[in-house]
Amino acid sequence: MAVRDTNLQQLLNISQRIIAASANYRAVMAGERIFESLARPAGSRAAATVQRLPACDHPLAAALAGTSAQHSPLPELGTAFGALEGGLHWYRRKNAEALGQPFIDGHANAVLIGPDGIEQRDDVLVGATVMAPHIVYPDHDHPPEEVYIAMSPGEWWNAEMNWTEPGPGGIIYNPPGILHAMRSHTKPFLALWFLPID
Ligand SMILES: [Fe+2]
């Protein structure tokens, strides 16, 4: 049985507590499904083909530095993620080219747990998005529901919710299939995302 990376386990433990404490009932229920799956034997550990993108430099470092100024458990979550981020395969959203150079240079995504993650399994997807200031991540949708943990300032929108600023340590819940988006304002943006996969 594969043993989960220590920093990844720490990141999951903190994330589980944050989501479980949310006032959003649907986020709490999704979190229960996600962490129930993740409590089963870890998927195979894989060394990702490390890839850095421009947004992995200043925006990510600044966002991580920002977590250390927040209330617990954000500093601990930032430390766990900071220990992992250098080993990830950061990639751009598909069709990023159509959205112009600021978006191309100003965002990056990485999978932590999932088919292409540092833990490979197919029942849960866990990843991260970083964005430079003043970037809009375009409307998109996907069948699974999704829980975000904000690790920085930034705003989220979905077809049932006006633009909302959860604040660092806050939660956003997107129901299955809903159209949704996010944007940074004056500060770099960093968020984790968690999707249960049927
Ligand atoms: Fe999404």
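**A walk through the predicted model**

Let's begin with a pair of helices in this predicted model. Helix α3 (residues 58–67) and helix α4 (residues 74–85) have axes that come within 8 Å and cross at roughly 150 degrees. Angles over 145 degrees count as roughly antiparallel, and therefore α3 is roughly antiparallel to α4. If you want to find where the two helices meet, look at L60, L64 and T67 on the α3 side; on the α4 side, their partners are L74, P75, L77, G78, F81, G82 and E85.

The peptide bond that joins S72 and P73 is cis, with omega at about 15 degrees. For context, most peptide bonds are trans, and most residues other than glycine have a negative phi.

N95 is not a glycine, yet its phi is positive, at about 65 degrees. You will find N95 in the loop between α4 and α5 (101–106). N95 has 9 other C-beta atoms within 10 Å, so it is exposed. H134 also has a positive phi, near 60 degrees, and is a residue other than glycine. H134 sits in the loop between β4 (124–131) and β5 (136–140). With 13 other C-beta atoms within 10 Å, H134 is partly exposed.

Another loop to visit is the one between α2 (25–39) and β1 (44–45), where P41 lies. P41 is exposed, because it has 11 other C-beta atoms within 10 Å. From the C-alpha atom of P41 to that of A83, 42 residues apart along the chain, the separation is 22 Å.

Now turn to helix α1 (residues 6–20). Within α1, the buried residues are L8, L11, L12, I14, S15, I18 and I19.

Finally, step back to the whole chain. Its secondary structure comes to five helices and eleven strands. The C-alpha trace spans about 45 × 35 × 35 Å along its principal axes. A compact globule of 198 residues would have a radius of gyration near 16 Å, and the chain has 15 Å, which agrees. Of the 198 residues, 40% are buried. Among contacts with a separation of 6 or more, 71% are between residues 24 or more positions apart.

Conventions. Residues numbered from 1 in each chain as written. Predicted model: local features only at pLDDT ≥ 70, side-chain atom pairs only at ≥ 80, totals over all residues. Axes fitted to C-alpha atoms, helices over the stretch in contact; angles between N-to-C directions. Helix = DSSP H or I, 4+ residues; strand = E, 2+ residues; numbered from the N terminus. Parallel < 35°, antiparallel > 145°, perpendicular 65-115°, else oblique. Contact = placed C-beta atoms within 7 Å. Buried ≥ 20, exposed ≤ 12 C-beta atoms within 10 Å, placed from the backbone. Rg over C-alpha atoms; globule rule 2.2 N^0.38 Å.
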